[in-house]
Amino acid sequence: PTENDDEPDLKGKGFDLGGQQFYDGAQTALFSASALHLLIINADETNQENYLRHLDQLQPGAPGAPVQIVLSKSDLVDNPQEKAEEVRDNVIHRMKIYEKLWNKGKNGNKGTAKGWTNNKKKGNKTTRPNLIRILPEVIFTSVEDDAEGAKEKILAKILELSKRKDLLPSVGQPIPERWAKLYRLIDAKRAYDDIENEDLFR
């Protein structure tokens, strides 16, 4: 529900794409530049590639998509703010790599990055690459200390961002049909096929 009575309630679909590499192949059907993507990272994560690889998939799958970083299990580190800065530095460095790839594509080199263009043009030249948009704030949560509070904090941020038409122009519009079809397929298989959730995409 929204805070003001004169605003309609916000309805949407959330998909937990899982952090395991096993699920990577099933995720691309749900990528959309018009959706908000939450990059949830455990504060005690020591291997940056465990979260940066998700951006490597998202950039070609949904150029321009907004990404909100969530630092989970923040109670497990002595300085959550320092960890958040480290994560953001790693993410920004990866974004610079994407920009270099785009520049190579712009200059005639073949590759996926050649298609990462935005709609703003000056003459015949694209002004900048259409990279995924990393939002500046990092959300800190601790499910162990306050599970309900963590949920409410994330939902509050989603509600706040939903009002930004520059980020989420699809709010108030129908959910992409391919999402709805996949969601119905997963529900049907769970309901009528004797299959475990983790085996769904084997």
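Predicted model: local features only at pLDDT ≥ 70, side-chain atom pairs only at ≥ 80, totals over all residues.
Setting aside neighbours within four places in sequence, Gln-57 touches Asp-24, Gln-27, Thr-28 and Phe-31, where contact means heavy atoms within 4.5 Å. Gln-57 itself sits in helix α2.

Residues are numbered from 1 along each chain as its sequence is written, and side-chain values use heavy atoms, with hydrogens and water left out.

The pLDDT, the predictor's confidence in each residue on a scale from 0 to 100, averages 80 over the chain, and 78% of the residues score at least 70. Confidence is highest in strand β2, at a mean of 95, and lowest in strand β3 (residues 121-122), at 52.

Now to the fold. The chain has five helices and five strands, and from the N terminus they come in the order α-β-α-β-α-β-β-β-α-α. Helices (H or I, at least four residues) and strands (E, at least two) are DSSP runs, numbered from the N terminus.

Three of the strands form an open sheet in the order β1-β2-β5, with parallel pairing. Its edge strands are β1 and β5, each of which pairs on one side only. Neighbouring strands here are turned by 25 degrees against each other on average, direction ignored. Two strands count as paired if DSSP finds at least two bridges between them. The two pairings look like this:

| Strand pair | Bridges | Direction | Example of facing residues |
|---|---|---|---|
| β1 and β2 | six | parallel | Ile-41 and Leu-71 |
| β2 and β5 | five | parallel | Ile-69 and Val-138 |

Buried means under 20% relative accessible area, exposed over 50%, and partly exposed in between, with a 1.4 Å probe and protein chains only.

Which elements make a right-handed β-α-β unit? They are β1, helix α2 (residues 49-61) and β2. Right-handed means that, with the strands pointing away from the viewer, the path from the first strand over the helix to the second runs clockwise. Helix α2 lies across β1 and β2, at about 165 degrees to β1. Helix α4 (residues 143-161) lies across β1, β2 and β5, at about 150 degrees to β5. Axes are lines fitted to C-alpha atoms, for helices over the stretch in contact, and angles run from 0 to 180 degrees between N-to-C directions.

Lys-73 lies in the loop between β2 and α3. This lysine has a phi near 55 degrees, a positive value in a residue other than glycine. Lys-73 counts as partly exposed because its relative accessibility is 37%.

Finally, some totals. Of the 202 residues of the chain, 34% count as buried. The chain exposes about 13100 Å², of which carbon and sulfur atoms supply 48%; accessible areas come from the Shrake-Rupley method with a 1.4 Å probe, and for residues only the protein chains shown count as cover. Among contacts with a separation of 6 or more, residues 24 or more positions apart account for 72%.
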